[in-house]
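Visitor: Can you show me the model? I have a few questions about it.
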Amino acid sequence: MDCGLCNKKPAKVELKYLGKTICNSCFIRITKRRISKNIRVNKLVEKGDKIAVAVSGGKDSVLTLRVLAERCKKLEVPLVALYVDRGDEFAKKCGNIAEKVAKALGVKFYNLSFKKELGVSMADIIKITGKIGANRCSVCGVFRRRVLDRKARELGCNKLATGHNLTDEAQSALMNFVKGELKNFSHFGAISPKSGFVRRIKPLREVPEEEARKYVELKKWDHIPLPCPCRIGSLRFNFMSYLEDIKQVRPGAEFAICKIGDELAKVSEKKLNGAAKKCTKCGELTSREVCRVCEYLTFK
Ligand SMILES: [Zn+2]
Ligand SMILES: [Zn+2]
């Protein structure tokens, strides 16, 4: 069968939501175009920006870093890479890959650790997880976001890029629906509102997970092919499989869910306008009296 777009090369990649199977070169071309369009339309990278990108060594962050390195070079926008080391063996391997990729692109690499930045070890995370009855990933995620935010700010960056793809976003939206928390939509979308110190940007926001993987594999880019081992049993892990079921019935579901999520993000922004408070313990922005980081640290 020939490619459903160029009609020349052999069809290799099935895009169910388009009802087409296309060749590898068309796949690379349209994916690249989709990412560029997201960056342009949502103004993710602009002249005068200084951008930090969170790298984990996984496929999404490697793709994000490479896309941004190219884009930022063109616009003469400074770019730095931030890696957060949790302090275990898996993290060490990921850090090495992340550093290698960043250095090859000429992007300054910062190796941050929970230990240095927050005084927290992996043993502490396990202890906290047990006491609050949460999954390790949720505790880890709260700490990681804090370390990244703070470092980006320290370095004078106005934006922090993450590797979130369309599938991650659709999962987040589903989780937010089920929790019934409108305020959770405030970090939804390709770019977060101006209210925070550092805006979050998601260059891969329009790319489904399997396509990000395919892209990195076709390009033969160095990355850690395994997801974090802690994620099994997390709430997100369950939603991952629900979303897969939904996609069987409606292949375009991720796009549709995110579209509704974007509308809710606007409502959330309007409703919460200026509602962010400062944590009474550490002074960081939070929607609560005491932020999650400070709350978790008391269980150490
Ligand atoms: Zn083609
Ligand atoms: Zn705090």
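Visitor: Is K220 buried or exposed, and why?
Guide: K220 is exposed, because 7 other C-beta atoms lie within 10 Å. The cut-offs are 12 or fewer such atoms for exposed and 20 or more for buried, with partly exposed in between and C-beta atoms placed from the backbone. This is a predicted model, in which local features need pLDDT of at least 70, side-chain atom pairs count only at pLDDT 80 or more, and totals for chains, interfaces and linings use all residues. Residues are numbered from 1 along each chain as its sequence is written.

Visitor: Where is K220 found?
Guide: In the loop between α8 (209–218) and α9 (235–249); helices (H or I, at least four residues) and strands (E, at least two) are DSSP runs, numbered from the N terminus. K220 is not a glycine, yet its phi is positive, about 55°.

Visitor: And what about phi of K43?
Guide: Phi of K43 is near 55°, again positive in a residue other than glycine. K43 sits in the loop between α1 (24–41) and β3 (51–54), and counts as exposed because 11 other C-beta atoms are within 10 Å.

Visitor: Changing topic: which residues touch the most other members of the largest nonpolar core?
Guide: I51, V53, V55, L65, L68, A81 and L82, out of 59 residues. A nonpolar core is a set of buried Ala, Val, Leu, Ile, Met, Phe, Trp, Tyr and Cys residues joined through C-beta atoms within 7 Å.

Visitor: Which helix gives this core its largest share?
Guide: Helix α6 (residues 136–154), with seven residues.

Conventions: Chains lettered and ligands numbered in written order.
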